[in-house]
Amino acid sequence: MSDKTPETLEPALYVVATPIGNLGDLSPRAREVLASVDRVYAEDTRHSQQMFRRVGVAVRVRSLHQHNERARADEVAGLVADGGAVALVSDAGTPVISDPGGRLVDHFHGLGLAVRAVPGPSAVVAALSVSGLSAEGFRFGGFLPAKAGARDRALADVAAVADTLVYYEAPHRVLATLQAMRAQFGGARRATLVRELTKRFETTRRASLEVLCDWVQRDPDQQRGEIVLVVEGCAVGGRADAHAAVNVDAVLRALSGALPPRQAASLAAQVLGGEKNHWYREILARKP
């Protein structure tokens with residue numbers, strides 16, 4: 001392990017993980033680095049300054065977000081090239097992981113400048129660790145597309161993947177996303193909803209997608225806060241294969257166009273798997 005003290009920070013970009021809810025999760029090393037660098041670049045300067053004041057760290061902060069990251073890259077690199085130490089933080093968790101910073105880190109590598117990790121909180125890893133689902137192999141998909149068609153296509157593309165799937169989701173879209181997952185993966189597929197990690201109302205529940213959909217629909221509190229969805233991978237030889245998943249919409253359109261809703265739902269359950277009541281709701285929701 002390094003015995004380097006804050007006074008001897010080498011010139012580098014320090015990618016610093018910050019708490020995702022509980023300030024007690026800021027590591028001693030992260031605190032020392034933030035207190036010792038020449039400047040901190042933050043996704044939201046007001047948000048970060050509030051955190052710094054609460055943990056007793058006085059730093060100079062400039063913004064670096066998705067809209068100005070490219071323009072800031074040379075400025076940050078210039079500070080380090082001149083012998084400075086600079087930290088990068090996002091609003092919460094580990095920068096670059098579905099947050100700004102990737103272009104900046106890439107720029108540093110292109111210039112041959114040092115990049116150092118100061119690891120700590122990450123909502124992806126935290127949610128996976130409490131999900132009760134396999135972490136032997138997993139895929140992090142960030143946020144799914146907001147538009148229903150693009151979201152359904154993205155889910156169809158991974159319906160046959162054996163790895164555990166991890167997504168962030170906004171509270172106002174979580175029910176629609178769970179319903180889309182149920183349609184693409186089948187209602188029996190297990191998933192874990194992790195909400196408000198490390199905060200007062202932290203919630204973790206693992207169940208089938210069918211049960212999670214009903215639970216979230218019945219309890220509006222589960223449609224609040226910051227949410228991570230962890231979804232079990234497709235079992236080898238399981239119901240979902242890529243071809244079947246891609247054609248769910250076509251099957252439902254054909255059945256609902258030829259049969260009354262309840263008959264169409266019954267046949268959909270036989271063809272696609274899952275519960276008849278689920279497909280009945282899906283068919284009704286698709287009617288003009």
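Analyst: The model is predicted.

Now the helices. Start with H7, residues 174-185, and H8, residues 209-218. They pack at an angle of about 160 degrees, and their axes are 9 Å apart. An angle over 145 degrees counts as roughly antiparallel, so H7 is roughly antiparallel to H8. The crossing of this pair is left-handed. On the H7 side, the contact is made by Val174, Leu175, Leu178, Gln179, Met181, Arg182 and Phe185. On the H8 side, Leu209, Glu210, Leu212, Cys213, Asp214, Val216 and Gln217 take part. By class, this contact has 9 nonpolar, 2 polar and 3 charged residues.

H7 also packs with helix H6, residues 148-157. Here the angle is about 45 degrees, with the axes 10 Å apart. H6 and H7 are therefore oblique to each other. Their crossing is right-handed. From H6 come Arg151, Asp152, Leu155 and Ala156. They meet Ala176, Thr177, Ala180, Met181, Gln184 and Phe185 of H7. The class count for this contact is 6 nonpolar, 2 polar and 2 charged residues.

The next pair is H3, residues 69-81, with H4, residues 102-111. Their angle is about 45 degrees, and their axes lie 9 Å apart. H3 and H4 are therefore oblique to each other. H3 passes H4 in a right-handed crossing. H3 brings Glu69, Arg70, Ala73, Asp74, Val76, Ala77 and Val80 to the contact. H4 answers with Gly102, Arg103, Leu104, His107, Phe108 and Leu111. By class, that contact has 7 nonpolar, 2 polar and 4 charged residues.

To recap the packing: H7 is roughly antiparallel to H8, H6 is oblique to H7, and H3 is oblique to H4. The H7 and H8 crossing is left-handed. The crossing of H6 with H7 is right-handed, and so is that of H3 with H4.

Key. Residues are numbered from 1 along each chain as its sequence is written. This is a predicted model: local features need pLDDT of at least 70, side-chain atom pairs count only at pLDDT 80 or more; totals for chains, interfaces and linings use all residues. Side-chain values use heavy atoms; hydrogens and water are left out. Axes are lines fitted to C-alpha atoms, for helices over the stretch in contact, and angles run from 0 to 180 degrees between N-to-C directions. Helices (H or I, at least four residues) and strands (E, at least two) are DSSP runs, numbered from the N terminus. Angles under 35 degrees count as roughly parallel, over 145 as roughly antiparallel, 65 to 115 as roughly perpendicular and the rest as oblique. A crossing is left-handed if the near helix is turned anticlockwise from the far one by less than a right angle, and right-handed if clockwise. Contact means heavy atoms within 4.5 Å. Ala, Val, Leu, Ile, Met, Phe, Trp, Tyr, Cys and Pro count as nonpolar, Asp, Glu, Lys and Arg as charged, and the others, Gly among them, as polar.
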